[in-house]
Amino acid sequence: MSIVVRRGQAIAEPRSRLLRFDRPSAAGPSVVDAAPSGPDPRHELARLALDLVVRTAEPSDLPARWTTYPFGQEVDRTRAQLVPIRSRSALLASFSREASIAVSRGAADTGLPPGPVRVAYAIRWLELGDGRRRPAWASFVAGPVEIVAGALAGGAAGRTGEPG
């Protein structure tokens, strides 16, 4: 089966013929040596991770869709599927094969916020980069708010002389 995109829809079709790969020869570059078309997945994932960090740093600017329960469920479900991936190169390979990513490649150019699958890949990219496990999506999004609220509550208690 191969997955193709036709008229914006990802469709699984049976392969009509076997794939044949040309062996590299001294005569010139082969199909295997050809550069991949489209954006580099490393840059795309790094850009997604940066976008995620920036947007979650200021929770008041979060896209409304990101705060919904179904969005969080889908992010957590996809992240659970990505846990066995142990290297960024393996994550890149998975990201390149992901059908929902291929269908929505142009969405980033329109300024729409990333969907749950892209967000899950961006979180895993961050985890593999620094080795720190991130919490569930609801905590990930609410984290900065809770930290600031705790700091403000602690600072106000210290000023009034009351125990916090």
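Trp137 is buried, because its relative accessibility is 2% (buried means under 20% relative accessible area, exposed over 50%, partly exposed in between, with a 1.4 Å probe and protein chains only). The model is predicted, so local features need pLDDT of at least 70 and side-chain atom pairs count only at pLDDT 80 or more, while totals for chains, interfaces and linings use all residues. Residues are numbered from 1 along each chain as its sequence is written, and side-chain values use heavy atoms, with hydrogens and water left out.

**Overall architecture**

- The chain contains 6 helices and 2 strands (DSSP runs numbered from the N terminus, with helices being H or I of at least four residues and strands E of at least two).
- Along the sequence, these elements follow the order β-β-α-α-α-α-α-α.
- The chain has 164 residues, of which 27% count as buried.
- Its accessible surface is about 11100 Å², and 58% of this belongs to carbon and sulfur atoms (areas come from the Shrake-Rupley method with a 1.4 Å probe; for residues, only the protein chains shown count as cover).
- Of the contacts between residues at least 6 apart in sequence, 64% join residues at least 24 apart (contact means heavy atoms within 4.5 Å).

**Aromatic pairs**

- The whole structure holds 4 aromatic pairs (rings of Phe, Tyr and Trp, the last by its six-membered ring, pair if their centres lie within 6.5 Å; planes under 30 degrees apart are stacked, over 60 edge-to-face and the rest tilted).
- The pair of Trp66 and Trp137 is edge-to-face, because the ring centres are 5.6 Å apart and the planes stand at 75 degrees.
- Trp66 belongs to the loop between helix 1 (41-57) and helix 2, and Trp137 to helix 6 (residues 137-160), so this pair ties together parts that are 71 residues apart in sequence.
- Trp66 also counts as buried, at 2% relative accessibility.
- Phe95 and Tyr121 form another edge-to-face pair, with 5.3 Å from centre to centre and 65 degrees between the planes.
- That pair links distant parts of the chain, since Phe95 is in helix 3 (residues 88-97) and Tyr121 in helix 5, 26 residues apart.
- Phe95 is buried with a relative accessible area of 0%, and Tyr121 is buried with 1%.
- Trp66, Phe71 and Trp137 are linked into a cluster by ring pairs.

**Helix 2**

**Helix 5 and Glu127**

- Helix 5 is mostly covered, with 12 of its 15 residues buried.
- Among the buried residues of helix 5 are Arg118, Arg124 and Trp125.
- Glu127 is located in helix 5 (residues 116-130) and counts as buried at 5% relative accessibility.
- The side chains of Glu127 and Arg79 are joined by a polar contact of 2.7 Å (a pair of N or O atoms within 3.5 Å; within protein, one must be able to donate a hydrogen and the other to accept it, and residues adjacent in sequence count only if both atoms are side-chain atoms).
- Neighbours within four places in sequence aside, Glu127 is in contact with Arg79, Arg132, Arg133 and Arg134.
- Gly131, which follows helix 5, has a positive phi near 75 degrees.
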